Amino acid sequence: MFDILVYLYETYYRPDACPEPAVLARKLSAVGFDDVEISEALVWLTDLNAMAGVEQTLTAASTGTRFYVQQESDVLGTAAIGFIQFLESAKVLTPLQREIVIERALALDEAPVSLGKLKVIVLMLLWSQGKEPDALMFDDLFVDDEDLPPRLLH
């Protein structure tokens, strides 16, 4: 499914350039994606778009601390939670966008969610809202940290 999401992000600069789901499914199938993965990706994207649309109508601000329940911690893992907190502190994500990222990660039925997949979720959320991270943040979102040695604090 994530291969499809990355393909959409790279192929369609804006979400409104994406064809309707039925046409998109045919195009993805013609490119060689599996029908089950296409179906999963389209459902996941439909749910993301529904949530992202709600987020744009809400203007609530939060200055509080987000505590994660055990289920969220188990699914996200410490690396993903740390990265979400980093994105929020860097003002890449609003508190409402953070909640959408968490919900979409929990919808994967995978534990723990890899940092690479979480980054794709963040990119897809920003893409679905027509937002683009600045160049430095874009590099952080597209670099696969799992291929790099761990960062050391000095």
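## Basis of the model

The model is predicted; local features need pLDDT of at least 70 and side-chain atom pairs count only at pLDDT 80 or more, while totals for chains, interfaces and linings use all residues. Residues are numbered from 1 along each chain as its sequence is written, and side-chain values use heavy atoms, with hydrogens and water left out.

## Overall fold

The protein chain has 7 helices and 0 strands, where helices (H or I, at least four residues) and strands (E, at least two) are DSSP runs numbered from the N terminus. Along the sequence the pattern reads α-α-α-α-α-α-α.

Of the 154 residues in the chain, 38% count as buried, a term that stands for under 20% relative accessible area, with exposed meaning over 50% and partly exposed in between (1.4 Å probe, protein chains only). Among contacts (heavy atoms within 4.5 Å) between residues at least 6 apart in sequence, 70% join residues at least 24 apart.

Two packed helices are described by the angle between their axes and the distance between the axes. Axes are lines fitted to C-alpha atoms, for helices over the stretch in contact, and angles run from 0 to 180 degrees between N-to-C directions.

The axes of H1 (residues 2-11) and H2 (residues 21-31) come within 12 Å and cross at roughly 105 degrees. H1 is therefore roughly perpendicular to H2; angles of 65 to 115 degrees count as roughly perpendicular, under 35 as roughly parallel, over 145 as roughly antiparallel and the rest as oblique. Ile4, Tyr7 and Leu8 of H1 meet Leu24, Leu28 and Val31 of H2.

## Helices H4 and H5

H4 (residues 70-89) packs with H5 at an angle of about 150 degrees, their axes lying 11 Å apart. The two helices are therefore roughly antiparallel to each other. On the H4 side the contact includes Val75, Leu76 and Ile84, and on the H5 side it includes Val101, Ile102 and Leu106.

H5 comprises 12 residues (residues 95-106) and should span 16 Å at 1.5 Å a residue; its end C-alpha atoms are 17 Å apart, which agrees. The expected span is 1.5 Å times one less than the number of residues. Among the buried residues of H5 are Pro95, Arg98, Ile100 and Arg104.

## Met51 in helix H3

Met51 is found in H3 (residues 35-57) and counts as partly exposed, at 25% relative accessibility. Leaving aside neighbours within four places in sequence, Met51 is in contact with Ile100, Glu103 and Arg104. Met51 and Glu99 are 48 residues apart in sequence and 9.7 Å apart in space, C-alpha to C-alpha.
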